[in-house]
Amino acid sequence: MKILLIEDEEKVAGFIQRGLQAEGFSVDIASDGEKGERKLRRQTYDLLILDLLLPKKDGFEIIKSLRGDKSSIPILVLTARSATEDIVRGLELGADDYLVKPFAFSELVARLRSLARRDKTSSIILKLADLQLDTVRHQAVRNGSKIPLTRREYNLLEYFLRHPYSLVTRRQLEEEVWGYDYDPGTNIVDVYINHLRKKIDHPHSIKLIHSVRGRGYIFTDRPDDLKKY
Ligand code: CA
């Protein structure tokens, strides 16, 4: 697997490169944003490790132009300690995951392997429209605002994000989200959906949770998905 690392701190870049090579990855380094973009244009990489604060062109700009060009290369962002706003902004622009410096090398490798086999079911950051769910930190963010969730609301939202754009029946939610905790004959699912709606959809104009009368729910931002039912 071929990785591009865009990082201006020489020591950090060298450390990551040597470590990843020892794990069997091939790693190119670019020391500023412009050099990084040139390499991305000329070669095909499987993965990008991107420092956010870079000379010439910063990491945010790079993510923006890659995603603007419809590149789907997995991007892992590196950022300084406690830069929560940077992390949120990076993810909103289209980064897939992040690590806060300093990080344990084993964690970097684990994240890269997970990104490399990424699909809807293994992704760490689940997204739909402007909503994101970090499945490691159990953190939901919509349009830049963090949304506090209870454990049950989190489970419900994660289930929806793993089954977007099509009908999810009430029965499915009872079995998959509640499991043997489910008390038949109650309307607990609808009650929780209402809680989640208030947190996720209110006051946004684009609603994500839609009811299909008598059947269940669809989690989508595309009105056409609702016409099928
Ligand atoms: Ca830097």
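The lining of the second largest pocket in this predicted model comprises 7 nonpolar, 3 polar and 3 charged residues. Here Ala, Val, Leu, Ile, Met, Phe, Trp, Tyr, Cys and Pro count as nonpolar, Asp, Glu, Lys and Arg as charged, and the others, Gly among them, as polar. A pocket is an open set of points on a 1 Å grid over the protein atoms alone, where a 1.4 Å probe fits, with protein on both sides within 12 Å along at least five of seven lines; lining residues have an atom within 4 Å of a point. The volume of the second largest pocket is about 190 Å³. Of its 13 lining residues, Ile-87, Val-88, Tyr-98, Asp-134 and Gln-139 lie nearest the centre. Helix H4 (84-93) makes the greatest contribution to this lining, with 4 residues, and strands S7 (131-134) and S8 (139-142) each supply at least two. Because domain 1 (2-120) and domain 2 (125-228) both give residues to the lining, the second largest pocket lies between them.

Residues are numbered from 1 along each chain as its sequence is written. Local features need pLDDT of at least 70, side-chain atom pairs count only at pLDDT 80 or more, totals for chains, interfaces and linings use all residues, and side-chain values use heavy atoms, with hydrogens and water left out.

Asp-8, in the loop between strand S1 (2-6) and helix H1 (10-22), and Leu-53, in the loop between strand S3 (47-51) and helix H3 (59-68), are 45 residues apart and link distant parts of the chain. Asp-8 is partly exposed, with a relative accessible area of 33%, whereas Leu-53 is exposed at 58%; buried means under 20%, exposed over 50%, and partly exposed in between (1.4 Å probe, protein chains only).

The structure contains 19 salt bridges, each a side-chain nitrogen of Lys or Arg within 4 Å of a carboxyl oxygen of Asp or Glu. One of them joins Lys-56 to Asp-32 (3.7 Å, N to O). Lys-56 lies in the loop between S3 and H3 and Asp-32 in the loop between strand S2 (26-30) and helix H2 (33-42), so this pair ties together parts that are 24 residues apart in sequence. Lys-56 is exposed, at 63%, while Asp-32 is buried, at 6%.

Definitions and conventions: Grid points are joined across faces, edges and corners, and a volume is the space filled by probe spheres set on the points. Domain bounds come from an automatic or database domain assignment.
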